[in-house]
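Visitor: Please take one part of this protein and look at it closely. I would like the surface first, then what lies beside it in the fold.

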Amino acid sequence: SSSYCNDIVCTVRHYARYKHLPKSLQKYPMLRDHHSPEKATLSSEEISLFLGLKPVKTSLLSPFSGKIIERYINKRDFDRWTLFFKIMAFSGMRCGEVAHLRVEDVDFGRNVFCVRQEVSKTNESRLVPIAPNIVGEVKEAVKNCTNGYLFPSKYGSVDLCGHPVVQNRDWHYNFHTRIKRLGIKRSRLTPYSLRHSFITALLAEDVALPKVMKIVGHRRIETTFRYTHLVTKDIQLAIR
């Protein structure tokens, strides 16, 4: 499949950057699948429920008082992933772009995230506005940052470029764990569904295609235009 081949292309790109091979390999083009299945999205209500989930509770017997104490399991890690998915849901950034956010990439003066060229899928840097409803949480994350990255790896692992950040398997596991808790059984849902939902929501509000393209980092406006078929707000209004 094209997606499988593109995984190999991404590996070639990372290796080429690591070994400082020619730019032609560092920016080797992705395959385009003109018959790819429809992208799965989440409704605004589902996203609210997804981001509003609380960590699982457990009951413990206090050795001092003998009373049952309820506490959250891994609350700090759970909250960190909540912020990770909030940034995706309200900025349209890709998983890898969020994972590689550093303290210096967060510009509160201009209220934007600075997506660096080396972590962008299109190899182009861009500025992404920070949504007003997450500014406080982002500031708190920056304040508590210890190793320069907003989302450092939990056990000291590094990605292909040696960055100590959360990786593909981490965000997929945490995303699907939450989807299962909500009982959503729609096919093809992935962490990127938050990005797809964001793009669809902008188009539903009649935001101009060039603006959407600029925010989400599409290289070609045709890529952004493909999302228009996911917008159903206008036809639902017509039916009513």
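**Surface patches and a strand covered on both faces**

Guide: Helix H1 (residues 2–18) gives the largest share of the nonpolar patch, 3 residues. This is a predicted model. The patch covers about 450 Å² and is made by Tyr4, Ile8, Val12, Leu25 and Tyr28. Take Tyr28. Its place is in the loop between H2 and H3.

Lys39 belongs to a positive surface patch, together with Arg32, Lys121 and Arg226. Here the relative accessible area is 32%, so Lys39 is partly exposed too.

Now the strands. Strand S4 (residues 112–115) is covered on both faces. Val112 and Cys114 are buried on one side, Phe113 and Val115 on the other. In a regular strand, side chains alternate between the two faces of the sheet.

S4 has partners. Strand S3 (residues 106–107) pairs with S4 in the antiparallel sense, over 2 bridges. The two form a hairpin with 4 residues between them. In that turn, Asn111 has a positive phi of about 60°. S4 also pairs with strand S5 (residues 126–129), again antiparallel, over 4 bridges.

Val106 stands opposite Phe113, and Phe113 stands opposite Val128 in S5.

Key:
Residues numbered from 1 in each chain as written. Predicted model: local features only at pLDDT ≥ 70, side-chain atom pairs only at ≥ 80, totals over all residues. Heavy atoms only, no water. Patch = residues over 30% accessible without salt bridge, like charges linked within 9 Å, V, L, I, M, F, W, Y side chains within 5 Å. Areas by Shrake-Rupley, 256 points an atom, 1.4 Å probe, with all protein chains shown as cover. Salt bridge = Lys/Arg side-chain N within 4 Å of Asp/Glu carboxyl O. Lys, Arg positive; Asp, Glu negative; His and termini not counted. Charge placed at Lys NZ, Arg CZ, Asp CG, Glu CD. Buried < 20%, exposed > 50% of the residue type's maximum accessible area, 1.4 Å probe, protein only. Pairing = 2+ DSSP bridges.
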